[in-house]
Amino acid sequence: KALSFGLNADYAHVPSGATEGVVIKGVALYSSYQFCDKLKGSLRGEYVKGQGDSGFNNMKEVTYTVGYAAAKNFDLLGEVRYDRGSPASFSDTNGAVHSGTTSVGVKALYTF
């Protein structure tokens, strides 16, 4: 019960309009491990391929998330994500274009 896996696949086709002939395909694999009642870790990898005038050829992403159940209805999540695109499509604050970028985030979730 502590270890789980998931698979997600996406397909989108725009037959007409401003982005006519665009096809986007993607697949994501993820795994999650419950270390104890309050601590969980997740790893996700995703690959997306665009064809036509979609703005990119392919995109790869890896995300690691740590979740802490601080209270019954309150969770804290920390996340590190790395994206890599082809062609290079990420701009930094100086305007330089790179093929990859890393982001870090923290979320607080309250459910009711």
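1. A residue is called buried when its relative accessible area is under 20%, exposed when that value is over 50%, and partly exposed in between, using a 1.4 Å probe and counting protein chains only. By this rule Arg81, at 31% relative accessibility, is partly exposed, whereas Asp83, with a relative accessible area of 9%, is buried. Across the protein, which has 112 residues, buried residues make up 14%.

2. Some notes on the source should be kept in mind while reading. This is a predicted model, in which local features need pLDDT of at least 70 and side-chain atom pairs count only at pLDDT 80 or more, while totals for chains, interfaces and linings use all residues. Residues are numbered from 1 along each chain as its sequence is written, and side-chain values use heavy atoms, with hydrogens and water left out.

3. The structure holds three salt bridges, a salt bridge being a side-chain nitrogen of Lys or Arg within 4 Å of a carboxyl oxygen of Asp or Glu. One of them joins Arg81 and Asp83, whose closest N and O atoms are 3.0 Å apart.

4. The side chain of Arg44 meets that of Glu46 at 2.7 Å, N to O, and that of Glu61 at 3.5 Å, N to O. The pair of Glu61 in strand β4 and Arg44 in strand β3 links distant parts of the chain, 17 residues apart. Arg44 counts as partly exposed, at 29% relative accessibility, but Glu61 counts as buried, at 4%.

5. The largest pocket has a volume of about 210 Å³. Of the 13 residues that line this pocket, the closest to its centre are Tyr30, Ser42, Leu43, Arg44 and Thr65. The elements that give two or more residues to the lining are β1 (3–14), β2 (22–34), β3 (39–51), β4 (58–71) and β5 (74–86). On a 1 Å grid over the protein atoms alone, a pocket is an open set of points where a 1.4 Å probe fits, with protein on both sides within 12 Å along at least five of seven lines, and lining residues have an atom within 4 Å of a point. Grid points are joined across faces, edges and corners, and the volume is the space filled by probe spheres set on the points.

6. By class, the pocket lining has four nonpolar, seven polar and two charged residues. In this scheme Ala, Val, Leu, Ile, Met, Phe, Trp, Tyr, Cys and Pro count as nonpolar, Asp, Glu, Lys and Arg as charged, and the others, Gly among them, as polar.

7. Leu43, in strand β3, is partly exposed at 43% relative accessible area, and it belongs to a nonpolar surface patch with about 1000 Å² of accessible area together. β4 gives the most to this patch, with four residues. Patches are made of residues with over 30% relative accessible area and no salt bridge, nonpolar side chains (Val, Leu, Ile, Met, Phe, Trp, Tyr) being joined within 5 Å, and accessible areas come from the Shrake-Rupley method with a 1.4 Å probe.

Technical notes:
Patch = residues over 30% accessible without salt bridge, like charges linked within 9 Å, V, L, I, M, F, W, Y side chains within 5 Å.
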